[in-house]
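My notes follow in the order I took them.

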Amino acid sequence: MHQIACHECDLIHDIPPMPTRGAACCVRCGAVLLRAQANSIDRTIAWTTAGLVLYVVAVTFPFLAMRSGSIIQETALLTGIQQLYSQGIYMLAFLVLLTCILIPLGQMLGLLYIFIPLKLNVRVKFAIPVFRLFQHFKPWSMMEIYMLGILIAMVKLGKMATIVPGLAVIAFGLLIFVLNFAITAVDSHMVWERLGGES
Ligand SMILES: [Zn+2]
């Protein structure tokens, strides 16, 4: 049992464990307080696993190939960050590393760390702080912005050289969607209920 405030009229409610596909409504104004998601655990694990595969492809395969005459230069996600760093653009290199490499990876590993034990009905240490951290860092994944930057760069550089998008670009683009699906599949009410923490 935990408490939730109505976002419309601020009335405080005690929320009991919810049936699957059930919804809790405010007793005063009828606003939907929360909706239990069906198969939240399975869907979170499935999307997150797919995300990890795409992540590995996005990090290891070439991102872009630039061809100018007979010179071909390939860039991968990590070497791109390395190039930013070696050109002295430390802050941007750090931000890209954090928001496109470390945080998405942390989010996916964190989700699997919480949801696989939930699926198997086993308790793991630090599940509550890990989930709290996951919720805290949710807005910190900014792969969309990086993707936009890449697309703009491709259009601009396209006038000077032939740009061939690599496999990693496609994986990275898909990863943005897949990670979003994984995050929206998370039923945080259910997770707190199962972990025994407060929301
Ligand atoms: Zn209300």
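I looked up F134 first: F134 is buried, at a relative accessible area of 5%. Buried means under 20% relative accessible area, exposed over 50%, and partly exposed in between (1.4 Å probe, protein chains only). F131 is buried too, at 0%.

The model is predicted, so I noted that local features need pLDDT of at least 70 and side-chain atom pairs pLDDT 80 or more, while totals for chains, interfaces and linings use all residues. Residues are numbered from 1 along each chain as its sequence is written, and side-chain values use heavy atoms, with hydrogens and water left out.

Next I counted aromatic pairs and got five. Rings of Phe, Tyr and Trp (its six-membered ring) pair if their centres lie within 6.5 Å; planes under 30 degrees apart are stacked, over 60 edge-to-face, the rest tilted.

F63 and F172 are edge-to-face, with 5.7 Å between centres and 65° between planes. F63 sits in the loop between α1 (40-60) and β5 (64-68), and F172 in helix α6 (residues 167-185), 109 residues apart. Helices (H or I, at least four residues) and strands (E, at least two) are DSSP runs, numbered from the N terminus. I found F63 buried at 4% and F172 buried at 1%.

F131 and F134 are stacked, at 5.8 Å and 20°. They are three residues apart in helix α4 (residues 127-137), so about one helical turn separates them. With W192 they form one aromatic cluster.
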